[in-house]
Structures are given as C-alpha cells and as structure tokens.
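Visitor: I'm new to this one, and I'd like a close look at a single part of the picture. Could you walk me through the salt bridges?

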Amino acid sequence: MTEKHIILDDADPQLFYGVANANMQMLKALHPKLRIVGRGNVIKAIGEEEELSTFEHRVMQLQALCARYNRLSEEDIVNVVKGEATGRSHPSGVIVFSVTGKPITARSENQQRLVQAFDTHDLVFAIGPAGTGKTYTSIALAVRALKSKAVRRIILSRPAVEAGEKLGFLPGDMKDKIDPYLQPLYDALEDMLPRLKLNELMEQNVIQIAPLAFMRGRTLNDAVVILDEAQNTTPAQIKMFLTRMGTNTKMIVTGDLTQIDLPPSQRSGLRDAAETLASVEGIAHIEMTQKDIVRHKLVTRIVEAYEKRQHQPMTPSPKGDGE
C-alpha cells in the first residue's frame with residue numbers, strides 16, 4: 001500500500017470539495033479501492049500504486065476545471081472518470097469565468113481591441129470615460145495570465161489623490177485611509193476569484209494592491225501590473241511607474257482625462273505620457289468612447305450631457321447659488 005498527497009494549488013478547496021463535501025463523497029464512491037481524505041488544500045489517498053496514479057491524474061484534471069470555471073459539478077467528476085469531455089459550452093472570446101461561473105468577455109469593440117493589444121504588446125494605455133470597462137477588462141486579463149501561469153504576480157496600483165476629503169481626516173491607520181481608494185480593484189478581483197483563494201493569494205503577495213507611492217524603487221518582474229486612475233498622476237509619478245517594468249512583465253495604464261482631480265496648475269501625467277509615448281514602438285494606445293460604456297444606460301446619457309455642457313458657454317449662477 002502506498003500513500004500519496006495531492007496538493008490543490010490552483011483551485012479553491014471549498015469549491016473543489018463541493019457543498020457538504022458532495023464532490024469528495026462522489027470521488028470516494030468512484031474510487032472504492034482507495035482510502036481518500038481531504039483536509040485544507042491537501043488530498044491524501046492510500047492504495048495500490050496504479051490506482052493512485054489514475055486518481056492523481058483525475059484530480060489534476062478536475063482541479064484545472066475548477067480553477068478555470070470557478071465551480072466543479074458532479075457531472076464534471078463523472079465525465080473525467082469516464083474519460084469523456086466535460087461538455088461545457090461557452091461563447092468565444094472568454095477572458096475568465098466569474099465566481100458564479102459566468103463567462104467574462106470583451107463587451108465592446110474597443111474592449112476587444114484592449115484584449116488583442118494586451119496579447120501583442122507589453123505596455124497598453126486604455127483611456128476613456130467612466131463605465132467603459134477599462135479597469136474590469138484589464139483585471140480580467142491579469143487574472144487570466146495568472147491562472148495560465150504566464151506570470152507569477154498581479155500588481156494593481158492607484159494614485160491616492162484626495163477628492164474632497166483629506167487623508168488625515170479619515171479614520172483609522174494608513175491602510176484604513178488608503179483602502180477606500182483601492183476598493184474598485186478589490187471589487188473586480190472578488191468577481192473573478194473566490195474570496196478564500198483571493199485572500200490566500202494576497203497573503204502570499206501573489207496579488208498586491210498598493211498606492212502608486214509604494215512603487216518607487218521597485219523592479220517589477222514576471223507580473224501583470226495595472227495602474228488605474230492614471231489621470232491623477234503627475235508626469236514624474238507616471239514616469240517613475242513606467243520605468244518599474246522588469247522582465248516578463250506587462251503593464252496596463254488606464255484613466256479618464258475628463259475626471260482629473262489634480263490642482264488646475266498641475267498637468268496630468270496620463271496626458272503627458274500618452275503624448276510623449278504616442279509613437280514609441282511596442283506601446284499600444286486604446287481610446288475608449290461613449291459607445292463602449294457597459295454600465296447602466298443612464299451612464300452613457302450622463303457622460304453625453306457633461307460633454308455637451310463642456311462645449312457650451314458658461315451661464316452666470318443664480319444669486320445665492322453656493323452660498
């Protein structure tokens with residue numbers, strides 16, 4: 001009799017084992033010659049060598065399915081044991097699957113251009129109005145690269161620019177003060193990775209989320225690095241960020257030049273970088289438009305109304321307005 005330990009590196013153990021351990025119970029029933037115990041991310045199996053080898057191969061197949069689709073069904077287990085295809089169908093162009101198993105795809109022409117640019121360029125600028133899916137699509141691409149082991153890390157960053165409230169006035173320690181700026185990044189990740197797996201990856205620094213200031217002095221190797229809300233960087237800050245790029249690293253820089261929170265006298269680093277690097281070989285520039293907005297239909301109308309207002313002469317405010 002031989003004992004083998006199989007480690008679930010990629011799949012979330014809770015998803016793999018199933019509700020009330022239903023998947024594990026099925027695996028045990030389909031492998032009656034083995035003694036199988038699952039604890040944490042380790043499955044221990046005891047039995048004859050040949051039977052163990054077959055079991056390990058099947059577990060690896062099931063783990064790959066669970067990691068890709070964020071779910072594992074009894075039908076998947078039966079199909080793998082029988083040596084049949086899983087039979088799952090999904091639309092073409094899937095980037096990753098959400099935690100609910102829903103396919104995440106590019107939903108507009110320019111989102112598709114962003115996906116293609118990421119595959120062919122090491123640095124991509126994605127600039128456009130709110131709701132065009134710049135950040136969400138970028139993070140989906142980063143998660144795909146991590147799951148496929150094309151990179152070892154995801155690094156997400158934002159400038160902590162104050163828009164209305166001073167950091168010093170917010171409650172808590174530095175992490176508590178900074179986390180609200182980074183929450184949209186957490187939200188996207190939680191859509192694509194089970195919470196326990198996400199927490200594990202963050203604890204291991206496989207996924208890092210940090211303010212832009214924390215990037216200084218680092219060389220970022222073997223990673224997908226995303227700078228979000230880059231319109232709120234200064235030229236010096238974005239230059240510092242871009243020069244962090246190391247070997248086997250891809251960068252995506254996103255931003256909206258209509259939502260700059262810098263002082264009026266300060267030039268946006270995103271605008272400066274986009275102009276400076278416009279003709280540099282190996283850099284892709286994706287311009288998002290109102291047609292790419294994928295949020296509530298009112299978001300498109302709101303963006304259109306503000307753009308229209310920008311091109312109209314200002315009318316005097318009624319007396320008392322703002323007093």
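Guide: Searching the whole structure, which is a predicted model, turns up 11 salt bridges. The idea behind them is simple: side chains with opposite charges can pair up when their charged atoms come close.

Let's start with K149 and D10, whose side chains meet at 2.9 Å, N to O. This pair links distant parts of the chain, 139 residues apart. K149 sits in the loop between α6 (134-147) and β7 (153-158), while D10 belongs to the loop between β1 (2-7) and α1 (13-17). K149 has a relative accessible area of 56%, so it counts as exposed, the cut-off being over 50%. D10, at 36%, is partly exposed.

Next, look at E229 and R158, which form a salt bridge at 3.2 Å, N to O. E229 is in the loop between β9 (223-227) and α9 (235-242) and R158 is in strand β7, so their pairing ties together parts 71 residues apart in sequence. R158 is buried, with 11% relative accessibility, whereas E229 is partly exposed at 24%.

Finally, find E200 and K197, where the closest N and O atoms are 3.7 Å apart. Both lie in helix α8 (residues 195-203), and because they are three residues apart there, about one helical turn separates them. K197 is buried at 7% relative accessibility, and E200 is partly exposed at 27%.

Note on methods: Residues numbered from 1 in each chain as written. Predicted model: local features only at pLDDT ≥ 70, side-chain atom pairs only at ≥ 80, totals over all residues. Heavy atoms only, no water. Salt bridge = Lys/Arg side-chain N within 4 Å of Asp/Glu carboxyl O. Helix = DSSP H or I, 4+ residues; strand = E, 2+ residues; numbered from the N terminus. Buried < 20%, exposed > 50% of the residue type's maximum accessible area, 1.4 Å probe, protein only.
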